[in-house]
Amino acid sequence: MKELDFHMHVLVKQEDELTAEELQLVDEARRATYRSYAPYSHFSVGAAVELADRTIVSGSNQENAAYPSGLCAERTAVFYANSRYPDQPIRRLCIAARDTEGKFLQRPISPCGACRQVLLEAEQRAKNAIEVLLYGTDGVYIIRSIKDLLPLSFDKSFL
Ligand code: THU
């Protein structure tokens, strides 16, 4: 028998410890929450994606009366980035969310499983780690690669 251990490294920064570039991405993600369409959950999520040439694109969650037809902010942003700038690899992603009262979450928001799967493929497509910033008013989690968010993942190497 043997055991496998998977480790994940998370850097936790307070807002005043962020670099100017990090703060800009956090700001874009926070701003994107105000463009969310969330009449059902009233939970507004924003995602900002930084491309290799430093272009920033953002997306927000878009809901639908047929609930599963909606899309999370992360996938909205990543799919938009890859369709608008297919030759620009994604380098960084930041997520922010506001609760049903409109307040930014204290605890850093974490992407859902389906988004992690899409982000993983974006990372493989980019051929470089995508750094993830998870914003909360208590602190910002910085994770160096999507791979860390999805250990033992399924990808095209299995096909
Ligand atoms: N949502 C996101 O956009 N991203 C996440 O990481 C978690 C959940 C959205 C989906 C739905 O519109 C609302 O938040 C409540 O689940």
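Visitor: What makes arginine 98 count as lying over the face of tyrosine 34?

Guide: In this predicted model, arginine 98 is 3.9 Å from the ring centre of tyrosine 34. The cut-off is 6 Å for CZ of Arg, together with an angle within 35 degrees of the ring normal. Arginine 98 therefore counts as a charge over that ring.

Visitor: Over which other ring does the charged end of arginine 98 sit?

Guide: Over phenylalanine 104, 5.9 Å from its centre. That value is also within 6 Å, so the term applies.

Visitor: Which aromatic cluster holds Tyr34 and Phe104?

Guide: One made of Tyr34, Phe104 and Tyr135.

Visitor: How many aromatic pairs does the structure hold?

Guide: There are 4. One of them joins tyrosine 40 and tyrosine 67, 5.5 Å centre to centre with 45° between the planes.

Visitor: Why is the pair of tyrosine 40 and tyrosine 67 called tilted?

Guide: The centres are 5.5 Å apart, and the limit for a pair is 6.5 Å. Stacked needs under 30 degrees and edge-to-face over 60.

Visitor: What makes the pair of phenylalanine 104 and tyrosine 135 edge-to-face?

Guide: The planes stand 85° apart, over the 60 degrees required, and the centres are 5.9 Å apart, within 6.5 Å. The pair is therefore edge-to-face. Phenylalanine 104 lies in the loop between E4 and helix H3, tyrosine 135 in strand E5, so parts 31 residues apart in sequence are tied together.

Visitor: Why is tyrosine 135 called buried?

Guide: Its relative accessible area is 5%. Buried means under 20%, so tyrosine 135 qualifies.

Visitor: Why is aspartate 87 called exposed?

Guide: Aspartate 87 has a relative accessible area of 71%, over the 50% limit, so the term holds. Its place is the loop between helix H2 and E4.

Visitor: How do you know that the buried residues of H1 are on the same side?

Guide: Those residues are Glu22, Leu25, Val26, Ala29, Arg30, Ala32 and Thr33. They cover an arc of only 160° around the axis, which means they share one side of H1. They pack against strands including E1, E2 and E3.

Conventions
Residues are numbered from 1 along each chain as its sequence is written. This is a predicted model: local features need pLDDT of at least 70, side-chain atom pairs count only at pLDDT 80 or more; totals for chains, interfaces and linings use all residues. Side-chain values use heavy atoms; hydrogens and water are left out. Buried means under 20% relative accessible area, exposed over 50%, partly exposed in between (1.4 Å probe, protein chains only). Helices (H or I, at least four residues) and strands (E, at least two) are DSSP runs, numbered from the N terminus. The arc is that of the directions from the helix axis to the C-beta atoms. Contact means heavy atoms within 4.5 Å. Rings of Phe, Tyr and Trp (its six-membered ring) pair if their centres lie within 6.5 Å; planes under 30 degrees apart count as stacked, over 60 as edge-to-face and the rest as tilted.
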